[in-house]
Amino acid sequence: MQIADADRVDALCRRQCAFAVYALPGETELHFCMAEDGRTESDFIFCNGFILATFTGESLFIPDELTEVPAADNWPEMQYRLSDNATTREQYSALFKLYTDFIHSGQVRKIVLARTADEEVSPDFSPCRALMEACEQHPAAFKALVHTPQYGTWLFCTPEQLITGSGDNWHTMALAGTRMPCLLPWDAKNRNEQALVTDFMREVLTPLADEITESAPENLRAGNIEHLCTRFHLRMPPGRLLMLLDKLPPTPAVCGSPVADARRLLLTYPDIDRSCYAGYLGPWGHGQVQLYVSLRCMQIFPGLCRLYAGGGLMPDSDEESEWQETAAKMQTMRALLKHED
């Protein structure tokens, strides 16, 4: 994508239209996706385009009709509004106590506590150039800049695959556990957390797949941290894909375990307005599906970027360690803010 295209993308971010710019893992080419009239749709089964789904399950589909970035003048200006303040340390501490009480009382085995942080940027901060920088810094991740009138402007750089593939050949992963990269064995807290996610994935996948191949847990580097990852390869007819999407997200990696109980508690006692954080996104159609969990992300406002991160709480979780883990996860986005023009 050229500088002129980046300027046009940035201009579109200030307008009431919908588009996505993204790069697949291992690829340097940026793909642009937008309907001719800038619309979104709710039905995507027989279309080509880009899906954006929230944590609570609402989804938008951006049809893939334009191959070049249009001028922004055809659409009215966006009206951005922050509905709340970023998470304070005191708020996080109170939620940590509440959520760990849920664990110790036996209501859940794990629950994910998320928080936000705000970073000021110059009024001419370029979302598209930040995306280009993410592509250079994190080639193995899925990168996307997505803008809609409903949810505003979001930048993602996620390591977590939800479901990718085509025909009857599909791939997904169980990703959990977080630490700074090292050669030491993983501690019990992180191993147990990853096992909960792996068990859930296996339980969901087994009735839908004709054949499953499961890898041994491996270390997956994501920026300045690493996770435990178990990969699944499925033989599954494509007609079962929608059933899989109905059952798979949100996984225990971004919600908790058991999923239904953790999700109910998160909706009753919310940590933040998760919006597009911990949902999923990616291209759909043209013979393939490439969907990823919406992690390592920020929402972009004029003069401000809101960073999102979360961590899985287990019975032996330590509050300060969990806070520092979210700070480490936010560093992926924070580093992109240092490269503004």
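**Close-up views of a predicted model**

Strand β17 gives the largest share of the lining of the largest cavity, five residues. This is a predicted model, in which local features need pLDDT of at least 70 and side-chain atom pairs count only at pLDDT 80 or more, while totals for chains, interfaces and linings use all residues. Residues are numbered from 1 along each chain as its sequence is written, and side-chain values use heavy atoms, with hydrogens and water left out.

**View 1. The largest cavity has a volume of about 220 Å³.** A cavity is a set of points, on a 1 Å grid over the protein atoms alone, where a 1.4 Å probe fits but cannot get out; lining residues have an atom within 4 Å of a point. Grid points are joined across faces, edges and corners, and the volume is the space filled by probe spheres set on the points. The structure holds two cavities of 30 Å³ or more. The largest cavity is lined by 22 residues, and those closest to its centre are T178, A253, L295, G310 and K329. Two or more lining residues come from each of β5 (110-120), β9 (169-179), β17 (304-313) and α7 (319-337). Here helices (H or I, at least four residues) and strands (E, at least two) are DSSP runs, numbered from the N terminus. The lining divides into 10 nonpolar, six polar and six charged residues. Ala, Val, Leu, Ile, Met, Phe, Trp, Tyr, Cys and Pro count as nonpolar, Asp, Glu, Lys and Arg as charged, and the others, Gly among them, as polar.

**View 2. K329 lies in helix α7.** Its side chain reaches the backbone oxygen of G310 at 2.7 Å. K329 counts as buried, at 10% relative accessibility. Buried means under 20% relative accessible area, exposed over 50%, and partly exposed in between (1.4 Å probe, protein chains only).

**View 3. The second largest cavity holds about 40 Å³ of space.** Its lining consists of L162, P249, P250, T251, V254, A278, G279, Y280 and V293. Seven of these residues are nonpolar and two are polar, with no charged residue.

**View 4. By the ring rule used here, the count is 11 aromatic pairs.** The rings of F19 and F32 have centres 6.0 Å apart and planes at 25°, so this pair is stacked. F19 is in strand β1 (residues 19-23) and F32 in strand β2 (residues 31-33), 13 residues apart. Both F19 and F32 are buried. For Y22 and F142, the ring centres are 6.1 Å apart and the planes at 35°, so this pair is tilted. Y22 is in strand β1 and F142 in strand β6 (residues 142-148), 120 residues apart. The rule pairs rings of Phe, Tyr and Trp (its six-membered ring) if their centres lie within 6.5 Å; planes under 30 degrees apart count as stacked, over 60 as edge-to-face and the rest as tilted. Y22 is buried, with a relative accessible area of 11%, and F142 is buried at 0%. Ring pairs link Y22, F50, F142 and Y292 into a cluster.

**View 5. The charged end of R89 sits over the ring of W323.** It is 4.8 Å from the ring centre. R274 lies over the face of F55, at 4.6 Å from the ring centre. A charge sits over a ring if NZ of Lys or CZ of Arg is within 6 Å of the ring centre and within 35 degrees of the ring normal.

Notes
On a 1 Å grid over the protein atoms alone, a cavity is a set of points where a 1.4 Å probe fits but cannot get out, and a pocket is an open set with protein on both sides within 12 Å along at least five of seven lines; lining residues have an atom within 4 Å of a point. A polar contact is a pair of N or O atoms within 3.5 Å; within protein, one must be able to donate a hydrogen and the other to accept it, and residues adjacent in sequence count only if both atoms are side-chain atoms.
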